[in-house]
Amino acid sequence: MEVSDFEEETLKKRHKKNPFASSMVEVNSMHEDDDNDRLETARARFSNVIKRHTALAERLSRDSDKMIFQRLQKEFEAARASQTEEVYLDGEEWNDGLLATIRERVHMEVDRKAMLAETDVIPNHHVEDKITYRVGNKVICCLEGARIGIQYETTFAGDPCELYHLVLESRSFLEKMTVLEHTIPFFLPLREAENDLLSSNAMRFIDYIGELLQAYVDRKEQVRLIKELYGNQIGELYHSLPYHIIEFVLDDFPCKVIVSLRYADLVSVLPTRVRVIAWPIDQFKKSEVLGAHPSPTRLSYAEDALKSMSLPEAYAEIVLRLRQVIQEIFEDRNPS
């Protein structure tokens, strides 16, 4: 097709007005590629920082925590082996009055041993009852030296998981109890809870630490289980140390699915803020050819499942319907 002199002159004038117009698409494309490269580089560096931080935290705490755990575990086992009775408490039986009784027993035992030491009398180990109290996932016992020990027994899906220990020192009834030592992970807010609750409501403090530990183990085990069951479908997975922020990517589908979970507090086992975004891979490739931007889709059914089910259950529900949902999205956007 021949171009007339008038059309050729018009094209020359347009080129003079904006000599870069013809290359704008290429420049934009180059910028987008640069942005994508920078994003991937930043993401890789962030992932490396997360891994190094986790490894460092574990290395710094592993040896000392292990030694404390072993020592306290032996002490708790000895206390329970010497008990004369284990009392199971339920509901209102666990109250401030009982905690005061436990503190009284601790101080009476200290006074009794002091008197025996002064009089050089051979102690009679059967004079005082040694009672251990079980309340839910907690075992409470009296330890040597005016100390109260709490052992937390966490579970997941009915199976026992980690044990954690907390030792409170009770110098006298006139002084508040303090946390003497523990095996609770350093990233859980033990000190904050101690400052806020222990002096004003010791029973609530003991219960709250149990809730923190159980929720932490529950979230951690949920992540472990999806990695174990569906690790081949998960491309990337990030989480905070207390597992209250979790993100992962699914690549083994006709779309790239990004799942982001946020928990309102550290005693939650179900997320309160959920976002699931699907990027259709085929659409992305077509959009690159056409120079258009692919549009992501929020998967509301997946978000609802994650808010109401455990992570492994919700994952199975998401995967079961994912291909059908993506196909419906394609059909809606590309009607025949």
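1. In this predicted model, strand 8 (residues 245-250) and strand 9 (residues 255-262) are paired in the antiparallel sense, with 6 bridges between them. Within this pairing, Ile245 has Arg262 of strand 9 as its bridge partner.

2. Helix 7 (residues 300-308) packs on the sheet, where it touches strand 9, strand 10 (273-280) and strand 11. The direction of helix 7 makes about 150° with that of strand 10. A further helix to note is helix 5 (residues 202-230), which lies across strand 7 and strand 8. Relative to strand 7, helix 5 runs at about 170°.

3. The sheet in question is open and consists of 5 strands in the order 7-8-9-10-11, with antiparallel pairing. Strand 7 (234-239) and strand 11 (297-298) each have a single partner strand and stand at the edges, so one side of each is left without a neighbour in the sheet.

4. A separate point concerns strand 2 (residues 131-135). The strand is mostly covered, with 5 of its 5 residues buried. Ile131, Tyr133 and Val135 point one way from the strand, whereas Thr132 and Arg134 point the other way.

5. With strand 1 (residues 85-89), strand 2 pairs in the parallel sense over 5 bridges, and Glu85 stands opposite Ile131. With strand 3 (residues 138-143), strand 2 runs antiparallel, and 3 bridges join the two. Here Val135 stands opposite Lys138 of strand 3.

6. Strand 2 and strand 3 form a hairpin with 2 residues between the strands. In this hairpin, Gly136 takes a positive phi near 60°.

7. On the cysteines, the count of disulfides comes to 0 under a criterion of sulfur atoms within 2.5 Å. Cys142 is in no disulfide: the nearest cysteine sulfur belongs to Cys141 and is 7.1 Å away. A disulfide is a covalent bond between the sulfur atoms of two cysteines.

Key:
Residues numbered from 1 in each chain as written. Predicted model: local features only at pLDDT ≥ 70, side-chain atom pairs only at ≥ 80, totals over all residues. Heavy atoms only, no water. Buried < 20%, exposed > 50% of the residue type's maximum accessible area, 1.4 Å probe, protein only. Helix = DSSP H or I, 4+ residues; strand = E, 2+ residues; numbered from the N terminus. Pairing = 2+ DSSP bridges. Contact = heavy atoms within 4.5 Å. Axes fitted to C-alpha atoms, helices over the stretch in contact; angles between N-to-C directions.
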